[in-house]
Each structure stands twice: as structure tokens, then as C-alpha cells.
Amino acid sequence: MDGKFNVTHITLDGFVELSRYRYLYFIITFTSYILIMCFNSSIVCIIVVHKNLHEPMYVFIAALLINSILFSTLIYPQILIDLLSEKQVISYTACLFQWFVYYASASSEFCLLAAMAYDRYVSICKPLHYANIMTKTTVSVFLLSAWILPSCQTLVPVVLSANMKLCTYVYEGIICSSTVYKLHCVSSRLLHFFVVAAINVVVLPVVFILFTYTRIFVITFKSCREVRRKAAQTCLPHLLVLISFSCLCTFEVLLARLDDTFPKTVRLIIALQIILYHPLFNPIIYGLKMKEIYKHLRSLFIKTL
């Protein structure tokens, strides 16, 4: 590649023995993409069609699944193209766009989970005031905030990186993330500041979620058995999704900041867990654990047969 090409393009070097397992990677990734789109879209459609599911809790679930659909739609085509290409090359602009989508989507998921936690708190701990608190306006504000705030915070370091000069053109990963800064010729304190500041969109929702569910468990522990059963039934799916995604994000962040000599296979597994496993995990958990959604899914499946 000539010098001019290197200035605007970088090579992705995250796959293990791609030449040997190229088609296996492609089949697994393509199949996962189809399943992600089908599973998530099915539950979103069920929530939209059935009026008894037009409640804040199900609206937030639909938003969470739409988040997975958008993320997969913007990320998967490039990965599939890379798998069939002799050289995994991406423009620096597209790399920055992947970073933006990756972090904005992850941060939005934590914000939506925080909104769900608040909804469960009001429903279980303040049932008489639920209708007055969780109005359409409140839900709309939560949804807009969950998408706009993470996007704005992620956009700042991405824009700053766009003006940085590159000295390295090989990126250790299958999709670009904030570790793009390792390609820069000069380290920018301002860029590092905004990258760290953007973590607040994750840390603050997680702290809020833990506090909220602690309050729920303390209050329900003192209540009757029926209240405890209701709390466990509606909160468990959200907690499972939170724990799963938090663990994956923690591992990804830690590995991204460890030395590059760390096994590439481990890095690949963590990356695949986030882009393959997690978008499939959400609809499965909500489809099986949420009674009303499961009932409609079962009915739809029986009619199809």
C-alpha cells in the first residue's frame, strides 16, 4: 500500500487464523446476524401490536431491543465484508464511526436499564403513584435521554480523534473502539479526559441501578409473599441482562488497556461475546422470563405451526 493509502486506511488484525477459518467465521457471524434481527424484531413487533404491552416496562424493553438491532445493522455488514476479503482494511473515518456506534450503543443500554430499574421501583414500591409518575412524557424523556446523552458524550472524543495524525496503521481488533488512540502519533490529554468522562454514562446508571434494586429488595423483603414474587418475576430479567452486559463490558475495557502481548484469542472471544452473544441474550431472556411476552410468543409460534 502506498503512503497516501496508509494515511486514511488501517488494517484490522483481530481475527485468529482467519485464512484457515474464514468461512467458519462467516457462517457463524451471518447466522448470528440473522437470528439477532429475527429474535429482536419479533419481540419488538409483539410489543407494538398488542395494546396490553403498551406499558413503560415493555416500551423500555422494546427500546433496548431496537438498540441491539441498530448496533447489529451498523456493525455486522462491515465484519461480514472483512471476513470475505483478503485484507481486512477499513477507512479511518469508518473506524471512528464504529467506535461511535459501539460506545454510544453500550452506554444507551446502561441508561435504558437504569430507566427500567426506576420503573420497577415506582411500580413495586409506590404502586399508588405509578400512573402519575410514569406518564408518557416521563417515558419519552427517559428514552430521548438514553439515546441522546450517550451519543453526545461519545461524539466529542471521536471528533477529537478525527484530527489526530496516525503513525500506526494496524489495529488489534475486529471492530474499532476507544483504543484507536494507540494509533495516534502523539498522546492527547484532552482526548483521554473526554474518553474517561464518557465512562460516566456507564458508571452513573450502574450505581443508580444497584441503589434502586437494593431499595426494592429491602422493601419487598418486609412485604408479603405475593409482592416478593412479583418483584422477583419482573426484576430478574433486567438483573440478568445487567450482570451479563456489565461483565462483558468490564472484560473488554480491561483487555483493551492491557499490553498488546495479551493473547489475541482471548481478545477475540470477548469481542465475539459482545457482538454475537449479548444481542441474542436480551431477546431470549425477555422472551422466556417476561410472562406476557412469552405468552404472545407461544401463541404466535403455535399459529405458525
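1. Welcome to this structure! Read along the sequence, its elements run α-β-α-α-β-α-α-α-β-α-α-α-α-α, amounting to eleven helices and three strands. Please keep in mind that this is a predicted model.

2. On overall dimensions, the C-alpha atoms fill a box of roughly 70 × 50 × 30 Å along the principal axes.

3. The crossing of H2 past H10 is left-handed.

4. Which residues of H2 meet H10? Among them are Tyr-25, Ile-28, Ser-32, Phe-39 and Asn-40 in H2, and the H10 side includes Leu-268, Pro-279, Pro-283 and Gly-287. Sorted by class, this contact of H2 with H10 holds 13 nonpolar residues, four polar ones and no charged ones.

5. The unreviewed UniProt entry lists "transmembrane region" for residues 23-50, 57-79, 99-118, 139-160, 190-214, 235-256 and 268-288. Two of these spans are worth a look in the model. Residues 23-50 are 96% helix and 0% strand, with end C-alpha atoms 40 Å apart. For residues 139-160, the chain is 100% helix and 0% strand, and the end C-alpha atoms are 33 Å apart.

Technical notes. Residues are numbered from 1 along each chain as its sequence is written. This is a predicted model: local features need pLDDT of at least 70, side-chain atom pairs count only at pLDDT 80 or more; totals for chains, interfaces and linings use all residues. Side-chain values use heavy atoms; hydrogens and water are left out. A crossing is left-handed if the near helix is turned anticlockwise from the far one by less than a right angle, and right-handed if clockwise. Helices (H or I, at least four residues) and strands (E, at least two) are DSSP runs, numbered from the N terminus. Contact means heavy atoms within 4.5 Å. Ala, Val, Leu, Ile, Met, Phe, Trp, Tyr, Cys and Pro count as nonpolar, Asp, Glu, Lys and Arg as charged, and the others, Gly among them, as polar. UniProt positions are given in the numbering used here, feature names are shortened, and annotations may be inferred rather than shown by experiment.
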